[in-house]
Amino acid sequence: MSRNGDIRGFFGKPATSSGPSSSQSKPALSLPPAPDLQSLNPSPKTPPKPTPKPRDRTDEIKGSDDEGDDSDDSLESISAFIERKKGPAPYQRDHNLISTPKAKRVASTNLKSPLTIQPKHKFDLKSLISHARQSDRVEESARRADDLINQSDDDDEHSEHLTKVQNNPALLEKTAKDLLNSDEEDAKGHKLMRAMNRTKFDGSSRMHYFFDLEQPVVKPLGKQFPRRAAKGCWQCLANSRTRDQTVILGLPHTIASKGRALPDEIFLWILDEVCVEKNAQLRVQYCNLVTLCRDSITRLVTDAQLYSMLQRLGGPKYSQGQQSAKFQSLPKVEDPYPRKDWTGLVTFLELLERMAPDLSTPNAIGAIQLLLRMALDPLVSTTVRAEHVAAMDALVTALAKLGTCKWNEACNVISSYLYDSVDEPVHQVMPIAHMPKIGVKALDLRQRMAAVVLFRDPDMGAQPVDSTMTLEDVTSRLDEADFRISPSTDFESLRALVTLLDIVIGSAGFIAKQHSIGTPTATSGSADNDREAADRKFDADIDVLTYRLKMVHDKIHDSTLLSRKITKASIDLVAKRLTYAVRTRPPPKTRIFDSEPKEDISIPKQRDFMKNWAQKKAERKLANGNVDTNDGIE
């Protein structure tokens, strides 16, 4: 069997030739139709298609009906004729048998992304021109506004009128009413003026700044390392290339811990470099090395040296006559030290805390004065408050180890320094408020400084407050003009005075000493009675102070300025502290089951007067009623 023969010959029947010659010689041969073959053999081999004879497009088909409608319907169909002429129709495979079945629901061919793609807006030339013109109009409007502002600044008449309006409250109120352009809005004009006063910026406030407000253009150069002093065991520090690595590894610390004295030149050089060193490891090793040199700290660390350490950070210069000089205040700045690194200041305060036990008495007093001057800067309350309090506590603890006489002298010098250097109580209260609040000696120094400022007496710093002050001194101080409420009262200063008064009173030990009882010689029962009597007198004196403070509190009308509200809150806080923390027992509460309090002497007289008045009124009413009745009968 030939290789290209029909597969049907395998089943015993002769295969018929599918060539074009056999189809033309036997036109009457009938073969099963193509659908029957597909049903018998679902996948037969497709026979080769016959090669059609090329046909010229210009040939004319005979019997066409282009010339008229005279075609004969009795003629056989031309398709049957062509089929009979060419033989049986060639086999065509059904495409549905080999294709993937279609789904019941056909998805849409227009596939879209689930993301919301915004079409890009295309600008044409007209829109670009309109945008450019609008930008030009905005710039021109801003330029005209700047010109008007500059013109108003240059105009002396307008500036003079504006100054008068700002300084004269009556004229300011009138201007505020005129802005509403209506006579019916007078009440609103008054409210507008009050709102302007509440939101008015207080440009007259001044502050003390410890560091320079202007950044230096060129950083000051540091001192060169004293190579001549690096001799013997300290020769490891002579080489500048390996000096930093040697210090970081702790070799100088090890040498100093074995009792070798550090040369004074190298010690002073380390003090100058420790605050400006950028490497944290070097700063730590410098501090550790300095604290080991206790003898050098006592001899070389003076108040002038401390000022020199801070001078490279922008601090003030040390002067011999600064004890009696007044500190200069500047207008308040919103952000005085923008983007400044205070790592060096933190290192200075931490090193001062560690050096405090080894400082001499004059140098420790000078260090405390330096910290008091630094506390005038608001930087202390926001950035280095904890380090500042720790350094101050260490210095006060070092001075507390002295005798009583030297302690009193040191307190007198420190209190007089603050009182002589700062004028206003608003500024004087800031360093006192930043003093440590823990420790007997720290509280004593804090109370003495507050008493000197409050009573304006520098001699009060030489003795403890509880032994020199009395209740009459406090009450007489409350009667002075700066505690009286008037239209010209400075409430910031009043709040500072109230804070100083709170510090001076403290636990009211000076009042307790006035009612103190000596060693009892009688029985224990009489001693207890005397103690209760003393407690009642003490509580009565505290109530007097509380009542005087409430009188000042009630006279303040807090409907306008915020400073009034803050001052009233401060006074109320002090009064509540005296009532619930200083008194021996809380004030008695009034209950419905308690006995009625004693009546005032004037109350019975007032009751008799009202009774007589009501009786006379009733008699007159009754007399008028009788007269009307008699008239009606007549």
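Rings of Phe, Tyr and Trp (for Trp, its six-membered ring) were taken to pair if their centres lie within 6.5 Å, with planes under 30 degrees apart counted as stacked, over 60 as edge-to-face and the rest as tilted. The model is predicted, so that local features need pLDDT of at least 70 and side-chain atom pairs count only at pLDDT 80 or more, whereas totals for chains, interfaces and linings use all residues. Residues are numbered from 1 along each chain as its sequence is written, and side-chain values use heavy atoms, with hydrogens and water left out.

Ring pairs join Y209, F210, F211, Y337 and W342 into a cluster. Across the whole structure, 9 aromatic pairs were found, among them the tilted pair of F211 and W342, at 5.0 Å centre to centre and 55 degrees between the planes. F211 lies in the loop between β1 (206–207) and α8 (243–249) and W342 in the loop between β2 and α14, so this pair ties together parts that are 131 residues apart in sequence; helices (H or I, at least four residues) and strands (E, at least two) are DSSP runs, numbered from the N terminus. F211 is buried, at 3% relative accessibility, and W342 is likewise buried, at 12%, where buried means under 20% relative accessible area, exposed over 50% and partly exposed in between (1.4 Å probe, protein chains only).
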